[in-house]
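Hi,

Here is the structure I said I'd pass on.

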Amino acid sequence: MERRQIANIIFFVRAVEPRDLKRESVMVETVRNQIDLVRRYGFPASFLLQYDALIRPDYMELVKNLPENCEVGGWFEIVQPLAEKAGLLWRGRTGFAWDWHPNVGFSVGYTPKERRKLADVFVEDFRERFGFTPRSVGSWLIDAGTLAYLSDRYGLEASCNCRDQWGTDGYTLWGGYWGQGYYPSRLNALCPAQTEKQQIHVPTFRMLGSDPIYQYDDGLFGSEGLSAAEAQHVVTLEPVYPESGGNSKWIDWYFQENFKDSVTFGYTQIGQENNFGWESMKKGLLFQFEELNKLCDAGKISVLTLCETGKWYKNTFPLTAVTSASAMTDWQAQGRKSVWFESRFYRVNLYEDNGCFWARDIHKFDENYKERYISAVCEGSSMIYDNLPVMDGNRWSAGKIRAGLYPKIRTDSGKTREIKGTLEAEYPDTQSALIKAGVLNITCLPERIVFTARLAAGETLLLELCDGVGTLKNVKINGETLQYEHNGYQYTVKTTGAEQIFQTGQGIAILAQGETIDLIFQ
């Protein structure tokens, strides 16, 4: 299989801005400028319309004159005219025809029956205006039941959702694919399905282009020690943020790192919602397009619509693809590196900080782990989508303890030392990654991680899982199996090659019989 590097230009279009009604005229001009920009470069782009924009003649006039290589699709947030057209009472704040709180503005705020009504009204009104149903529909998050309904009834080709984040704008999506795309489980929109039977046949792509080094830990470092933030800030490709997506230095670095070698394909999404206004995004967006143009001219990447990307994914991968995203240089010059590896069974992040390295994050994927809103209604101003933590280096760090899985060497005398070295990543085929650091090789395979050390006589490999909040104290050890529980759901991680597994003061230690330990997620 040819490894590809793909960029999607996705602009999602709203018509109302209740926080500043004067901005609404600027929002129309923003879309006009976005269309002019893609026309100038000849790039295909996806314009995803929220319902309030779909029913506005001025927006319809704009998108009906898109270049032929562009697509129009749907942005499925719930607004007052959509709710009322579906016969539902609008529960938004007074004067807010678009209310972004998840109990009002997202499908999770409605019963499954109401969600299907809303989807039907949206699709039928879209069809009435364009003569076809939307092939691409995105949102910060569409619940699994609604996404499956859109797929099964209307033949959706692709979807997109928000990047991983904790608490930002009240939305938590945590422990999913870091980038690229996946087939969601019919029970959890953030979880890749392990089987074809249980998957929604709509490739879903992670938006916004997260910084692979710094986004994960954002908000963790306080003046009084480590403490996970209630709401993370943004370190992404979004052009309105001057330190990342609006920063030419960061953009250069991100494109260079993101479109290097990967297991199967590289991916990012470029664009911004129109309610930020053209002036706030213009500088970053213009620079991103210019750099994108250079990469296209050099034959290094392909710019596709979201729908085209979904079709390609379906034709290439019958099950969720094994993917990776890495940064082997540090734009802040702090000596940090990061490698994300994901399969339909788990994700892992291997991280280096000036020669010290560890597994910063491991989450297991289980298609039977239900999202909180599969049948229940979200009733508050925040929502949580997640997967099953095996190691959470962000949420489990506290005080002086940086949570992580730390590879170490234990001697016959009982002394231990950390394995140190510089991270190097290789991708020998489309199913694996080989990460090297000092005397340790870490082989990431679809269903397992293999840790292998080159040891001297009298030395043994030791994996130490540490956390600062006491979560690992509740993990049960049953022979070579670790038994976890999260959000009322029980799950396991199996090991092979372990001589002994035992609790420590800060977590769990896995002592190898020799040079190799496997962690198995299947």
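Of the contacts in the protein with a separation of 6 or more, 68% are between residues 24 or more positions apart. Keep in mind that this is a predicted model. As for burial, 63% of the 522 residues count as buried. The exposed surface comes to about 19200 Å², and carbon and sulfur atoms supply 46% of that.

On the overall make-up, there are 10 helices and 35 strands. If you're setting up a box, the C-alpha atoms fill roughly 80 × 50 × 45 Å along the principal axes.

Now for strand 2, which covers residues 46-49. Which way do its side chains go? Ser-46 and Leu-48 point one way, Phe-47 and Leu-49 point the other way, and all of them are buried. Strand 2 pairs in parallel with strand 1 (residues 4-13) over four bridges, and Phe-47 is the bridge partner of Phe-11 there. To get from strand 1 to strand 2, the chain passes through helix 1 (residues 23-41), making a right-handed β-α-β crossover. Strand 2 also runs parallel to strand 3 (residues 71-75), with four bridges joining them; in that pairing, Ser-46 has Glu-71 as its bridge partner.

Is Tyr-171 buried or exposed? Its relative accessible area is 3%, and since the cut-off for buried is under 20%, Tyr-171 is buried. Leaving aside residues up to four places away in sequence, Tyr-171 touches Trp-100, Pro-102, Phe-106, Trp-140, Gln-165, Trp-166 and Met-383. Arg-93 lies 78 residues from Tyr-171 along the chain, and their C-alpha atoms are separated by 18 Å.

Last, an open sheet of three strands, with antiparallel pairing and the order 12-13-22. Strand 12 (221-222) and strand 22 (398-399) are at the edges with a single partner strand each, so one side of each has no neighbour in the sheet. Strand 13 (residues 225-227) makes two bridges with strand 22 in the antiparallel sense, and Leu-226 sits opposite Gly-399 of strand 22.

Cheers

How values were computed. Residues numbered from 1 in each chain as written. Predicted model: local features only at pLDDT ≥ 70, side-chain atom pairs only at ≥ 80, totals over all residues. Heavy atoms only, no water. Pairing = 2+ DSSP bridges. Buried < 20%, exposed > 50% of the residue type's maximum accessible area, 1.4 Å probe, protein only. Contact = heavy atoms within 4.5 Å. Right-handed = clockwise from strand over helix to strand, strands pointing away. Areas by Shrake-Rupley, 256 points an atom, 1.4 Å probe, with all protein chains shown as cover.
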